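Hi everyone, thanks for coming. Let me bring up the structure, and then we'll walk through some of its charged side chains together.

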Amino acid sequence: MQILGKSIADLQALIGSRKIKVKEVQQYFLKRVRKYNPTLNAFLTVQDQDEMSPINGVLAGIPFAVKDNFCTKGIRTTASSCVLDQFIPPYESTVTMRLLSAGATILGKTNMDAWAHGSSTETSDYGPTKNPWDLTRSPGGSSGGSAAAVSAYLTPAAIGSETAGSIRQPAAWTGVVGLKPSYGRVSRYGVIAMGSSFDCPGPLTLTVKDAAILLGVIAGKDPFDGTSSNIPTADYKTMLKAKKFLTIGIAKEYMEGMEESLKLKIEESLRIFQKLGHRIKTVSLLSPKYAISVYTIIQRAEVSSNLARYDGIRYGNDRTFFAAEAKRRTMLGAYTLSFGYYDAYYKKAQKVRTLIVEDFKRAFKDVDVIVAASTPISALKLGEFAKYPFFGELMDVLNEPAAIAGIPAISVPCGQDKNGLPVGLQIMGNYFDEATILNLAFQFEKETEFFGVIKKGIARYQD
Amino acid sequence: MKLRYNLFMTNRSLLSRKDILHLAKLANLSLTNKEIEEYLDQLEDTLSYIDNLKELDTANLLPAARSSNEGNIFFKDGIENGRALTLNETLQNAKKTKDGLFQIPQILNDK
């Protein structure tokens, strides 16, 4: 039985009809991880399981990878920082708990920027992850290990987390599907806290249907996370089937400064949406350059508070183990929260956040979704980020507004740029309307098969 | 590569070496001399960039601490909340423990 390239939905069908054994699936992916991880450095910890999980539930026997900032009971969890080098969580995050309860098994923990600080996976204390499309390039980040693992099919799907772009940007750079749900849609319980008012767990997958399946499992109210929402979840998978005709907003503010060959792909995608019967409407949005500032201020402030707990007493190593990026962010946060600067920076940023929220609410009165590129340029060479301390934020410029507003967004492959690298298209939706962005992404996938990007990514990594 | 935003609108008077040392103290971080110089430059670059928020009029806006509109959530504290750890679980990652307690560095002088 050929497993290479099979989606979660495919594997569910094969396991369900007993055409393939769960053990075979597990061994298959472990073998691929052993073969390709030394090259890609996508996994930090691999779980070789002797005992199979109970084969019940909607994800029975499906292996998945999880970013190393999700606490996994009994499995080392480092957030890619030496501060947590030997940390063994005594409890399970809600996201991994829900996946395990659905019958899925943890294949391993994936590399990331240390503490999720970054957009390239190069700030990991365990070395950078390589982009499976070009080993001299970054996979993006911070969920770079998760994205690379899916792109090279070391796992059929992975869980990542996004504070601002950390799912969508690596998904775009490695040519896979990445879904950032609304803030509050998926519980943050057991996710190592970074920017607490932004943090959103979400799936990275080969297909839109798989993203819908995983969201269906992990979404919903969690009594352990006070910010998780009471708004009911939807049957995301079933809702893919309805052929919705939508009004798609595009904002010129999001098209400025983009690399030309990426812009062409986005324009081509817009023509495909029109061909499918959707209406394109121009909307005006606040320039995303302000979102960078809002994000930088609020996120650094939250980081300085969240990283204060690492004192090396209850767990982990002491603060001398922090690397440069964490130090920079913590100090900037301390600065903007300081007496005398609080109003000028932190409070001002919180007010502009209100402006961004209102800006999106106004736009969603006229349109159902907003479409833009996921990134202004495609995957950069390893080493480029280190030249500019602030560079990651610029790479996430098109992701930060949605993160600040807390709306959902999905990145899907929409072709290749002039260098043959994957290009990502993102669809942003209204609050808690994941069903609509998944629906449109699914229509796009059916029409284009993502221009063969997913298949080409996997084809480089034969069994 | 083209980037639309000017990274280097530098304003070299925002921070002093003393500020960096103060911030490091607040954050309980120890820095080398090289780090102090580096962070001074880098934090100034960042502060210069985020200054663009001054271009926006926010006089009539309320600050948003978060994007969601959920109210306050309360629950009873205690073992029934399901999150409680056993003593062993609580201590399993600590480097130093004694009699079921965390051992912390001495903070008061003997004298």
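To start us off: is Arg137(A) buried or exposed? Arg137(A) is buried, at a relative accessible area of 13%. By buried I mean under 20% relative accessible area, with exposed over 50% and partly exposed in between, using a 1.4 Å probe and protein chains only.

Before going further, please keep in mind that this is a predicted model, where local features need pLDDT of at least 70, side-chain atom pairs count only at pLDDT 80 or more, and totals for chains, interfaces and linings use all residues. Residues are numbered from 1 along each chain as its sequence is written, chains are lettered from A and ligands numbered from 1 in the order in which they are written, and side-chain values use heavy atoms, leaving out hydrogens and water.

Back to Arg137(A): its side chain meets that of Asp134(A) in a salt bridge, 2.9 Å from N to O. That term means a side-chain nitrogen of Lys or Arg within 4 Å of a carboxyl oxygen of Asp or Glu. Asp134(A) is partly exposed, at 22%.

Now look at Glu162(A) and Arg168(A), which form a salt bridge at 2.3 Å, N to O. Both Glu162(A) and Arg168(A) are buried. Elsewhere, salt bridges with shared partners join Glu325(A), Arg328(A) and Arg329(A) into one network.

And how many salt bridges are there over all chains? The count comes to 21. One of them pairs Asp463(A) with Arg32(A), their closest N and O atoms 2.7 Å apart. Arg32(A) is buried, at 3%, while Asp463(A) is partly exposed, at 47%.
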